[in-house]
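Please keep the picture in view while I talk.

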Amino acid sequence: LSDRLNGVFKKFRGQGRLDEENIQAGLREVRLALLEADVNYKVVKEFVDRVRERAMGQDVLKSLTPGQQVVKIVHDELVDLLGGEHQDLELRAKGPAVIMMVGLQGSGKTTTTGKLALHLRKDRKMNPLMVPADVYRPAAIEQLMSLGRQLDVPVFQSTSQMNPVDIARNAVAQAEAEGQDVVLLDTAGRLHIDEHLMEELANIKAAVNPNEILFVADAMTGQDAVNVAQSFNDLLDISGIVLTKMDGDARGGAALSIKSVTDKPIKFVGLGEKLSEIEAFHPDRIAGRILGMGDVMTLIEKAQTEIDEEEAEAIGKKMQRAEFDFEDFRTQMRRLKKLGSLESLMKLIPGMGSIREKLGDMNMHEKELGRVEAMINSMTVQERKQPKIINPSRRERIAKGSGVDIQDVNQLIKNFDNMQKMMKKMMGGSSKGKKKRMPQ
Ligand code: GDP
Ligand code: MG
C-alpha cells in the first residue's frame with residue numbers, strides 16, 4: 001500500500017497547481033491503491049469522497065505545495081479513518097479490572113493475553129492474573145500456563161467441573177481476594193463463528209461485566225477479519241480491537257476497514273511472536289507508515305505553525321526598502337532554529353538518508369549559526385538597527401561579550417553589509433507592479 005501511494009504522491013508533487021482534473025486523476029489512483037490493499041470498497045468510496053471534497057474546497061496554503069496539500073489531506077483523513085486519537089485501555093473498576101479476549105482460533109488471543117500481562121505489569125505497575133477460560137482444549141490451558149511461568153505471572157487453576165462462566169467468575173473473585181488488580185480472560189476460539197461459542201461468550205460477559213472486550217484479529221486474513229469483527233461486535237458489543245501479525249506482509253487494509261466497519265478503536269497491534277512485540281495503536285503513526293513518508297507530516301505541520309505569514313510579509317517589505325537590519329536577521333535565524341536543528345529537520349525529509357553522511361557538515365553550520373546569534377545578542381539595540389555605528393571599540397566589546405575573535409565580528413559585519421547592498425540592488429530595481437519576493 002505504501003509503495004503504491006508513494007507513486008501517486010510523486011505525481012502530485014510534480015504538479016504546479018491543483019485543479020479538478022489532476023485531483024480526479026490522483027484520487028483514482030489512491031482509490032486503486034486502497035482497494036488493492038484489501039480495504040473494504042465501501043470504506044474506500046467514502047474515504048475518496050471526503051478527500052475529494054476537501055481538496056476541491058482547499059484554501060491554498062502558501063506554505064505548502066499542491067502535492068503536500070493533497071498528502072496532508074489524505075493523511076488527515078487516514079488518521080480519522082483509523083480512529084483519530086489513540087484510545088487507551090479503560091481499566092477503572094471497583095474490584096479488579098477485567099479484560100476479555102475474544103476472536104477466532106489462531107488469531108493470537110493467548111499470545112496477546114501474555115503480551116498484555118507483561119505490558120500491564122511493566123508499564124502500568126499492575127498485578128495481572130491470567131485465566132484460561134477454555135475448557136475444550138487442554139493444550140490451550142497448558143499454553144497459557146507456560147506463558148505464566150515464562151513471565152512469572154499467576155495463572156488461574158480451574159477444575160474439570162467448572163464451565164467457562166464459572167471459571168471467569170471464580171477467577172475474578174480469586175483476584176479480588178489475592179490482590180490482583182487486573183484479570184485477563186483468554187477465551188476459547190473456533191475456526192469459524194458458531195452459535196454455541198457466541199452464547200458462551202455472551203454468558204461470560206453477563207457474569208463478569210468486563211471493562212474491555214478486545215476482539216483479536218489476524219491482520220493477515222484481510223477482508224475475512226473484517227466480516228468476523230462485525231459478527232463479534234454485533235453479538236458482544238466489543239470495546240476495542242487488537243490487530244495481530246502486523247509484522248507479516250499484511251497489506252494494511254484490514255486495519256483501515258475493521259475500525260470503520262465496527263466503529264470500535266484499534267487499541268494495540270501485535271508485531272511478532274515474542275511477548276514484548278506489542279505496541280499501542282496510534283492512528284497518526286500508522287497513517288504515516290501507510291503513506292511511507294517518514295515523519296514528513298510533522299515537518300509540514302511545523303512549517304505551517306512556525307512561519308507566521310504576516311511577519312514574513314513585513315520582513316519582505318523591509319528588505320525591499322533595504323531596511324533589513326540585524327534585529328530582523330536574528331528573528332529569521334531564531335525562526336530557523338524553532339523549526340528544530342537542521343539535523344533533525346533533515347531526518348524528517350524522506351529520501352534524505354542517502355545524504356546523511358553530509359550531516360557532519362550541517363552540524364558545523366549549526367554551530368556557526370549559534371556564534372552569529374551570540375554576536376548579535378551582544379550588540380545594543382541601536383547597533384542592531386544601525387550597523388554603521390559599530391566602530392572598532394564597539395567591535396572589541398561585541399567580540400568579548402560573545403566569546404569570539406574580533407575578526408569574526410568584522411567578518412559578520414562585512415557579510416551583512418554585502419548582503420544589504422545586494423538586497424538594495426535586487427529590490428531597488430523591481431517595478432511597482434511586480435510581486436515582492438519573500439525571503440527564503
Ligand atoms: P489463539 O488461538 O487465538 O490463542 O492464538 P495464539 O495466541 O495461539 O497464536 C497463534 C499463532 O500466531 C502462534 O503461533 C503465535 O505465535 C502467532 N502470533 C500471535 N501474535 C502474533 C504476532 O503479532 N505476530 C506474529 N508473527 N505471530 C503472532
Ligand atoms: Mg489460544
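Let me begin with a term: helices (H or I, at least four residues) and strands (E, at least two) are DSSP runs, and they are numbered from the N terminus. With that in hand, we can say that helix 5, residues 109–124, gives the most to the shell around ligand 1, with 4 residues. Before going on, please note that this is a predicted model, in which local features need pLDDT of at least 70 and side-chain atom pairs count only at pLDDT 80 or more, while totals for chains, interfaces and linings use all residues. Residues are numbered from 1 along each chain as its sequence is written, chains are lettered from A and ligands numbered from 1 in the order in which they are written, and side-chain values use heavy atoms, with hydrogens and water left out.

How many residues surround ligand 1? There are 17, and the closest are Gly-106, Lys-109, Thr-110, Thr-111 and Asp-247, where a residue is near a molecule if one of its heavy atoms lies within 4 Å of it. By type, the shell divides into 2 nonpolar, 10 polar and 5 charged residues; here Ala, Val, Leu, Ile, Met, Phe, Trp, Tyr, Cys and Pro count as nonpolar, Asp, Glu, Lys and Arg as charged, and the others, Gly among them, as polar.

Next come the polar contacts, meaning pairs of N or O atoms within 3.5 Å; within protein, one atom must be able to donate a hydrogen and the other to accept it, and residues adjacent in sequence count only if both atoms are side-chain atoms. An oxygen atom of ligand 1 lies 2.9 Å from a backbone N or O atom of Gly-108, and a nitrogen atom of the ligand is 3.2 Å from a polar backbone atom of Gly-272. Taken alone, ligand 1 exposes 590 Å², of which the protein buries 80%, with accessible areas coming from the Shrake-Rupley method with a 1.4 Å probe and, for residues, only the protein chains shown counting as cover.

Let us turn to helix 10, residues 253–262, which is mostly covered, since 8 of its 10 residues are buried; buried means under 20% relative accessible area, exposed over 50%, and partly exposed in between, with a 1.4 Å probe and protein chains only. One of the buried residues in this helix is Thr-262, which counts as buried because its relative accessible area is 6%, and its side chain reaches the backbone nitrogen of Lys-264 at 3.1 Å.

Just after helix 10, Asp-263 takes a positive phi of about 55°. Most residues other than glycine have a negative phi. Asp-263 lies in the loop between helix 10 and strand 6, residues 266–270, and is exposed, with a relative accessible area of 56%. Asp-152 also has a positive phi, of about 60°, although it is not a glycine; this residue is in the loop between helix 6 (138–151) and helix 7 (164–178).
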